[in-house]
Amino acid sequence: MKVLIHNSAELAQQSVADILVHRIIARPTSVIGLATGGTMEAVYDKLIAALSDRNAPVDDLVTFNLDEYWGLPPGHPASYRSYMNARLFDPAGIPQVRTNLPDGDATDPIVESNAYEQKIKDAGGIDIQLLGIGQNGHIGFNEPTSSLASRTRLKTLTESTRKANQQYFDGAETTPKYAITMGIGTILDAEECLLLATGASKAEAVFKMIEGPLGAHCPASALQLHPRATIVLDAAAASTLQLLEYYQYVHPNGLDKHPSHA
Ligand code: GLP
């Protein structure tokens, strides 16, 4: 695991946007896995600016999002499809036909999940998967005790996840209870994983992910198995790491001198 710690959330977000734009310029046909959540909002703002500043080609990209609420039509304002259209695809000019999210309207989530896996395979697999982390250590919507070998499927959301996401809905009643999410096995199949966590509320999950035992109690700890996982943090999210000084010694101020090495 490569652990890059920046002094501020803004620097951490910028470094994630820079890594993505660098990959897109190097390979304009990249297949990129995308994430949602509050953490990604500033990343996408910075990515849009960087793509435009560097005149990066986006017409041939293919994207796959991690997850979508089940039971929400794609046009619902709080769907992840709406989030992605508004925050990245439309402003960056990424053609919507090349963007993929699970269909939250699917009547049969098993059929939809299997079709999503197949689409990822048909696209040649994901080159780089962007990830956030839930306060309980979830990635995508793989809640604690998800199988570390899981594939795309329907998951029941925990109360803590529903509470964290309630702000985007009218209230507890209307906050979805289910989501279709890539599995942990699906995520681990990506050639490279790039996780961003900012703020003190993520510090405990970050500690378990990086330094805790590998296990389903913290789904993000599965990234310990990935040969090319980069974790980008701000100082607050990194604050409880026991080997903090070591990470800072290897990558002072989050500087990555050898971006191609894990
Ligand atoms: C959601 C998403 C995750 C995201 C996480 C953290 O539940 N499914 O992909 O990483 O929550 O969200 P936030 O960035 O808002 O803390």
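Close-up 1. At 3% relative accessibility, Leu 66 counts as buried (buried means under 20% relative accessible area, exposed over 50%, and partly exposed in between, with a 1.4 Å probe and protein chains only). This is a predicted model, in which local features need pLDDT of at least 70 and side-chain atom pairs count only at pLDDT 80 or more, while totals for chains, interfaces and linings use all residues. Residues are numbered from 1 along each chain as its sequence is written, and side-chain values use heavy atoms, with hydrogens and water left out. You will find Leu 66 in the loop between β3 (62-65) and β4; helices (H or I, at least four residues) and strands (E, at least two) are DSSP runs, numbered from the N terminus. Leaving aside neighbours within four places in sequence, Leu 66 has contacts (heavy atoms within 4.5 Å) that include Leu 34, Gln 129, Gly 140, Ile 180 and Ile 187.

**Close-up 2. Leu 72, in the loop between β4 and α3.** Is Leu 72 buried or exposed? Leu 72 is buried, with a relative accessible area of 8%. Once neighbours within four places in sequence are set aside, Leu 72 is in contact with Ala 78, Ser 79, Gly 104, Asp 105, Phe 169 and Pro 176. For another distance to look up, take Thr 36, which is 36 residues from Leu 72 in sequence and 15 Å from it in space, C-alpha to C-alpha.

**Close-up 3. Aromatic rings that meet.** Rings of Phe, Tyr and Trp (its six-membered ring) pair if their centres lie within 6.5 Å; planes under 30 degrees apart count as stacked, over 60 as edge-to-face and the rest as tilted. By this rule the count comes to 9 aromatic pairs. One of them joins Tyr 44 and Tyr 83, edge-to-face, at 6.4 Å centre to centre and with 75° between the planes. Tyr 44 belongs to helix α2 (residues 38-53) and Tyr 83 to helix α3 (residues 80-92), so this pair links distant parts of the chain, 39 residues apart. Tyr 44 is buried at 0% relative accessibility, and Tyr 83 is buried with a relative accessible area of 13%. Tyr 69 and Phe 169 make another pair: their ring centres are 5.4 Å apart and their planes stand at 85°, so the pair is edge-to-face. Because Tyr 69 lies in strand β4 (residues 67-69) and Phe 169 in the loop between α5 (159-165) and β8 (178-181), the pair ties together parts that are 100 residues apart in sequence. Both Tyr 69 and Phe 169 are buried. Which residues form one aromatic cluster? They are Tyr 44, Tyr 69, Tyr 80, Tyr 83, Phe 141 and Phe 169.

**Close-up 4. A charge over a ring, at Tyr 83.** The charged end of Arg 87 sits over the ring of Tyr 83, 5.4 Å from the ring centre. The rule here asks for NZ of Lys or CZ of Arg within 6 Å of the ring centre and within 35 degrees of the ring normal.

**Close-up 5. Leu 88 and the largest nonpolar core.** A nonpolar core is a set of buried Ala, Val, Leu, Ile, Met, Phe, Trp, Tyr and Cys residues joined through side-chain atoms within 4.5 Å. The largest one has 73 residues, and those touching the most other members are Tyr 44, Leu 88, Leu 195, Met 209, Ile 210, Leu 233 and Leu 241. Beyond neighbours within four places in sequence, the contacts of Leu 88 include Leu 34, Tyr 44, Tyr 83 and Ile 94.

**Close-up 6. Helix α1 and its buried residues.** Among the buried residues of α1 are Ala 12, Val 16, Leu 20 and Ile 24. The buried residues of α1 pack against β1 (2-6), β2 (31-34), α2, β6 (128-131), β9 (192-197) and β10 (229-234).

**Close-up 7. Two residues with positive phi.** Thr 145 is not a glycine, yet has a positive phi of about 80°. Thr 145 lies in the loop between β6 and β7 (153-156) and counts as exposed at 66% relative accessibility. Asn 253, also not a glycine, has a positive phi of about 55°. Look for Asn 253 in the segment after α8 (244-250); Asn 253 is exposed, with a relative accessible area of 54%.
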